[in-house]
Amino acid sequence: MFPSREEHSGSPRSPPSSPSSSTLSLDEEQTNTRLKPDWSKYRSIFECNGYHLETARDVKDYYLHNDRRGMSPAYRRACALQDDDALCGDPGLPDNLFRGTRYKDGKKLVVKAVHPLSRELDIARYISSPALRGDPMNHCIPILDFLDVPSDGICFVVMEEWSSCLLSHLPITLHEFLSAIHQCIEHVVFLHRYCIVHFDISIYNFVTDYRGHYACIDYELSRRLDIDGPQVFSLRGTEIPPELERGEASDPYMVDIWALAMLILRSCEATGFGIPELFHIARSMLNECPDKRPCALAVLRAFRRLLWINGRPSQ
């Protein structure tokens, strides 16, 4: 996540070729490890492409304007820099993320540095391609640009900056809550249809633009699979299903279903919306036996029935 300062066929489609551990020229672990770039080295590349990386002056101006100077490590870091034009990374972000702005319209950005052969970049390019970007169930965070620096083995993914997590502003209305959950479920359906598993579905990896749109971020752990993908035995994600906790194998898609159920339940708890029909859907997704959990499309259909039964629109 990046902390902020503020119906289709259910059958998976055959995925196009993508990098795998057997085809990468570098060790898989190396290509999927978080990078720690010297952001100042690449400043001119961003400037030439119309992007401004955040400086000490930008950070000071923000906190002075919002009168939140005393509580911010970012403000203290900016004040410690001698040059107001020096880049100033947010201490609340990992080293591979940096805030910025697009010159032409002032749009707030988050830039992520990734290895050019990483699974994350492969998936990000794929789901933001013209063919998939227009899919109404694709709720990936808007990706504005890919800046490749092949000589340094790095690519910068330029994204819109939205909220810090799914429920960044509380309280919310019931309509907003149901819309958020609906869009989360739709995105998992979208990913699974294209043989992608996210592997870290959580309330921290869905964000909002505060205008009724919700989006998925952070594909670091994600994988593109063959239609008959391998089982998974371990995972570093936020919500771990019981079979993996016991060291047993699981269907990768059902790992996402478990995590999606936990997102639903944690969202209900945070908002106070106790909807019996929604609990019933989530309960089926939390079946101890992964083979008995519903697929993402079945979850979406059940959720849409819930909306219409209760007289609420599905969007």
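**View 1. Glu 243 is buried, at 1% relative accessible area.** Buried means under 20% relative accessible area, exposed over 50%, partly exposed in between (1.4 Å probe, protein chains only). Arg 293 is also buried, at 4%. Glu 243 and Arg 293 form a salt bridge, 2.7 Å from N to O. A salt bridge is a side-chain nitrogen of Lys or Arg within 4 Å of a carboxyl oxygen of Asp or Glu.

This is a predicted model: local features need pLDDT of at least 70, side-chain atom pairs count only at pLDDT 80 or more, and totals for chains, interfaces and linings use all residues. Residues are numbered from 1 along each chain as its sequence is written, and side-chain values use heavy atoms, leaving out hydrogens and water.

**View 2. Arg 304 pairs with Glu 186 in a salt bridge.** Their closest N and O atoms are 2.8 Å apart. Arg 304 lies in helix H11 and Glu 186 in helix H7, so the pair ties together parts 118 residues apart in sequence. Helices (H or I, at least four residues) and strands (E, at least two) are DSSP runs, numbered from the N terminus. Glu 186 is buried at 3% relative accessibility.

**View 3. Arg 224 forms a salt bridge with Asp 122.** The closest N and O atoms are 2.9 Å apart. Arg 224 sits in strand S9 and Asp 122 in helix H5, so the pair ties together parts 102 residues apart in sequence.

**View 4. Cys 140 is in no disulfide.** The nearest cysteine sulfur, that of Cys 216, is 6.9 Å away. A disulfide needs two cysteine sulfur atoms within 2.5 Å. The structure holds zero disulfides.
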